[in-house]
Amino acid sequence: MSNKIYSNSKLSVFKQCPMKYKYQYVLKIKKRTIGIEAFVGSRVHETLEYLYSKILSKDQIPTLGNLLEFYKEIWEDRFNNKIKIVKNEKTKEHYFKIGEKCIKNYYDTNKPFANDGTFCIEKPIHHTTKYGDRIMGFIDRLEWSGNKLVIHDYKTGSNIPKNIHDDRQVCLYVLLCKNKYSEVDNIVAKWHFLRYCKTFTSFRTSNELDDLESEINSIIQEIENTKIFDPRPNKYCPWCEYKYICEEGEGDNKKWF
Ligand code: SF4
């Protein structure tokens with residue numbers, strides 16, 4: 001049993017590269033750069049949060065034009081020299097337009113938002129598993145659709161998993177909501193892949209949620225028993241915020257230890 005709180009991204013970083021996990025979560029080294037793909041994702045999430053904050057406060061529902069204006073303002077306000085474009089052939093404008101397309105796709109598919117059942121956005125939910133592991137997740141949006149609880153998550157990246165049913169994040173969010181809203185029988189997850197205007201719906205059985213708790217426990221055991229966090233070079237190294245330190249990237253980590 002651990003006192004630490006784990007999230008899906010924390011577990012995924014460890015599985016991707018133990019060295020990166022050490023830099024980020026053990027040594028807590030400040031990131032010097034942010035990949036522009038992550039920057040786009042954050043701005044799109046903020047824009048959709050703005051949309052639903054207006055819906056929740058029964059304010060006037062923003063038009064698509066209002067949302068795109070909001071997106072442009074926060075993009076210009078937050079953009080700085082830490083934002084890194086890894087794919088040299090692409091421009092800042094290219095990524096700006098991807099964000100615009102994500103917002104437009106979402107708006108056109110889901111308008112007019114008049115009878116929307118959203119009851120909370122950007123919600124942190126915690127849970128302690130039967131193994132005593134403490135886990136948490138930030139849910140983009142929760143909605144009532146009749147007596148069904150719908151978990152929404154927005155994705156702006158270019159990758160769509162082959163089988164959403166195998167996705168650990170989806171399952172983890174269902175587990176968190178099953179425990180938080182234990183009186184609700186019907187909980188589904190909707191993953192919105194905004195670039196492609198595609199939405200996948202998934203649900204989980206009790207056995208699958210039990211299996212997830214067991215899987216999470218074995219990853220946490222592995223993390224907590226690790227003495228040497230080795231680098232594990234992978235296809236995402238060019239985006240790694242710690243490659244300036246790591247010998248597998250472009251750094252000299254002897255300077256850091
Ligand atoms: S550059 Fe690659 S190997 Fe090095 S810490 Fe980052 S992900 Fe791991």
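Reader: Which residues in helix 1 meet which ones in helix 7?

Author: Contact here means two C-beta atoms, placed from the backbone, within 7 Å. Helices are DSSP runs of H or I, at least four residues, and strands are E runs of at least two, numbered from the N terminus. By that rule, L11, F14 and K15 in helix 1 meet I216, I219 and I223 in helix 7. That contact divides into five nonpolar residues, no polar and one charged, with Lys counted as charged and Leu, Phe and Ile as nonpolar. This is a predicted model: local features need pLDDT of at least 70, side-chain atom pairs count only at pLDDT 80 or more, and totals for chains, interfaces and linings use all residues. Residues are numbered from 1 along each chain as its sequence is written.

Reader: At what angle do helix 1 and helix 7 pack?

Author: Axes are lines fitted to C-alpha atoms over the stretch in contact, and angles run from 0 to 180 degrees between N-to-C directions. Helix 1 (residues 8-16) and helix 7 (residues 206-225) pack at about 60°, axes 11 Å apart.

Reader: And is strand 7 largely enclosed or open?

Author: Buried means 20 or more other C-beta atoms within 10 Å of a residue's own; 12 or fewer is exposed, and in between is partly exposed. Five of the seven residues of strand 7 (residues 187-193) are buried, so the rest of the structure largely encloses it.

Reader: How does strand 6 pair with strand 7?

Author: Pairing takes at least two DSSP bridges. Strand 6 (residues 148-155) runs parallel to strand 7 over seven bridges, and Y154 has H192 in strand 7 as its bridge partner.
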